[in-house]
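Hi there,

Here is the structure I promised to pass on to you. Please open it beside this email, and then read on for what I found.

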Amino acid sequence: MLRATDLVFGFAQRRVGADVSFALAPGETLAVLGGNGAGKTTLLRTLLGLLRPLGGQVTLDGIDVSGMPESERALRAAYVPQSHGPVFGYTVEQMVLMGRAAHLAPLARPGRADHRVANEALERLGIASLARRRVNELSGGERQLALLARALAQQAPVMILDEPTASLDFGNRVRVLQELDRLRAAGLTIVFSTHEPDQARAHADRALLLGHGRPLALDTVERALTPESIMQLFGVPVRIADADGYRVFVPAPQASDASIRNAVPRPR
Amino acid sequence: MSDSQHAASTLDARERPDRQGTNRALLLLAIVALALIALIALCAGPFAASPAQVADVVWSRLLGHPVAGIADEIVWRIRMPRVALCVLVGGALSASGAAFQHLFRNPLVAPETLGVSTGGALGAAIAITLGAGALVLQIAAFAGGLLAVAAVVFIARRLTGHEPLVTLILTGVVVASLLGAAISLIKFIADPYNQLPAITFWLMGSFAAAKATDVVAMLPAALMAAILLGALAWRINLLALPDDEARALGANTPRLRGVVILAATLASAASVAVSGIIGWVGLVVPHIARVLVGPDFSRLWPLAAVLGAIFMLAIDTLARTLLPVEIPPGVLTAFVGTPVFIALLARTGREA
């Protein structure tokens, strides 16, 4: 159970967002939707206890994450950061094995069982063939899959993903999203950030629309994601199109209509 | 799972023991090479001993029946401590360099980055100006190195920032330059006939005066560092990830970083105390080790230590046999280290 209560998040010098409250039960997924610089990553880092909240609190299974030792937190929540180029050339397998750190005693190194968990994670995502490749020689998408595999190897009941599909090609995007659906069905609590309203609608139960720190909406995806709220969030008019019963957001035809232009929030 | 994936994963399973075997063989090979170079070092010099003579001397010493004579005097009492000290210092500098490079996620970092050498040099310079003996000088250099790093860590932890590592490196650079200025001041006021040359030679590093007591003095710090690095080796890999990720994976990064800094500083401060400042070993050798076995720290640090010992011993043996006068090893490491480093950069690109 992941719960945020009256969360105020940001840095000592700069408040990024406020008024975020939600509780997620096992099997529930929250999509955090927002434009560039809306504070999505900052919020996710605060949920993970990597950043101390400026106000309110985050609890995992009823325990405040701020006071939790790292090793205990890592057993309860896994993190998939946006892919980065690491300095040293670890192999994918070595990288995924690092997901086992929280399960190991401080002086232990991964054993046979940990190798098995790591290999299972790689196979699940269809990247077993990358096991021997160096992480800094992979494409951005392959690296993202490796980071997801590492989080799977962590075997935590909560998984927090920062724009998990941002750098993926179509096939890998589908693969990652299907994996998220499977994890959700397996009872994991998932929070992921995205720029895509459709992704939020298709793969999450609830959506948090983050407009420069303040939630514009936090509700079930059906109620939170409307053409009006999306327009308010991203500043462009959208409408819902129906593709064989599959409803998607598409850009609305450019209207010269003054009423639409007035509805677009002006920058503060 | 598709057939190709299945094939790949069974292939992986088959590959693993081989690869581990390769790494172990590599380490073994390096140890054998080190033993060979040690033998050469014991033979070489103005008094050329044959390998058989060396074996004789060592064997009779190990049996506890030393045969008095010029061979025993030179091989056992003069060259052996020097060889042992080179091995210890080279190993310590290289292993701590590897640790610092992981810690800072930066392959251009060396043991000197946090000011251990400059602190040690200042301690030594003060001791020399005060006319202290060899033991006090070593203690002063060791303490100076530890104090400098402690000051850097203390100041960096006061300065809160998003980038604790960048703060730490910058603090190290700033503190080292302050200490460097203090050394210059001491050199300026030092007696130019006795103290100034002593300080200058000490700063260049040397094994010329190596004694068995130096080996004994260095051993505890080196062992302590080896135990700490060995015990935490796998977990030190986490420090090579961005801080957020390492913490999300369960690493208490400030504490882990503190222990690694302690281990690497103990080893390099002890090296500086017994041999003066010898650069390049801690920067270049970890690169070579990484090219050979990859970045996994549990494989990296033992190989880096052995290769560092080989490098140091080879350099020192060249330094004392190449010319009629001894070349300061710190100078030779730079002459050899620079081209090696550039060649490595050319070969491996940004991943070096």
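Among contacts in chain A between residues at least 6 apart in sequence, what percentage join residues at least 24 apart? The figure is 63%. Please keep in mind as you read that this is a predicted model.

Let's stay with chain A for a moment. Chain A contains 10 helices and 12 strands. Along the principal axes, its C-alpha atoms fill a box of roughly 65 × 40 × 35 Å. The radius of gyration of chain A is 19 Å, which agrees with the value near 18 Å that a compact globule of 268 residues would have. Of those 268 residues, 45% count as buried.

As a general point, the angle between the axes and the distance between the axes describe two packed helices. Helix α4 (residues 112-124) of chain A packs with helix α5 (residues 140-154) of chain A at an angle of about 135 degrees, and their axes are 8 Å apart. α4(A) and α5(A) are therefore oblique to each other. The crossing of α4(A) past α5(A) is right-handed.

Which residues meet there? From α4(A) come A:Val117, A:Ala118, A:Ala121, A:Leu122 and A:Arg124, and from α5(A) come A:Ala149, A:Leu152 and A:Ala153. Sorted by class, this contact has 7 nonpolar residues, no polar ones and 1 charged.

Now for chain B. How many helices and strands does chain B have? There are 13 helices and 0 strands. The radius of gyration of chain B is 22 Å, close to the 20 Å from the globule rule for 352 residues, so chain B is as compact as a globular protein of that length. Its C-alpha trace spans about 75 × 55 × 40 Å along the principal axes. In chain B, 46% of the 352 residues count as buried. For contacts in chain B with a separation of 6 or more, 74% come from residues 24 or more positions apart.

Finally, have a look at where the two chains touch. Chain B brings 31 residues to the contact and chain A brings 32 residues. On the side of chain B that touches chain A, α1 (3-43), α8 (212-236) and α9 (243-248) of chain B each supply at least two residues. The most comes from α1(B), with 5 residues. By class, that side of chain B has 14 nonpolar, 9 polar and 8 charged residues.

Enjoy exploring, and write back with any questions!

Best wishes

Definitions and conventions
Residues numbered from 1 in each chain as written. Chains lettered and ligands numbered in written order. Predicted model: local features only at pLDDT ≥ 70, side-chain atom pairs only at ≥ 80, totals over all residues. Contact = placed C-beta atoms within 7 Å. Helix = DSSP H or I, 4+ residues; strand = E, 2+ residues; numbered from the N terminus. Nonpolar A, V, L, I, M, F, W, Y, C, P; charged D, E, K, R; others polar. Axes fitted to C-alpha atoms, helices over the stretch in contact; angles between N-to-C directions. Parallel < 35°, antiparallel > 145°, perpendicular 65-115°, else oblique. Left-handed = near helix turned anticlockwise from the far one by under 90°. Rg over C-alpha atoms; globule rule 2.2 N^0.38 Å. Buried ≥ 20, exposed ≤ 12 C-beta atoms within 10 Å, placed from the backbone.
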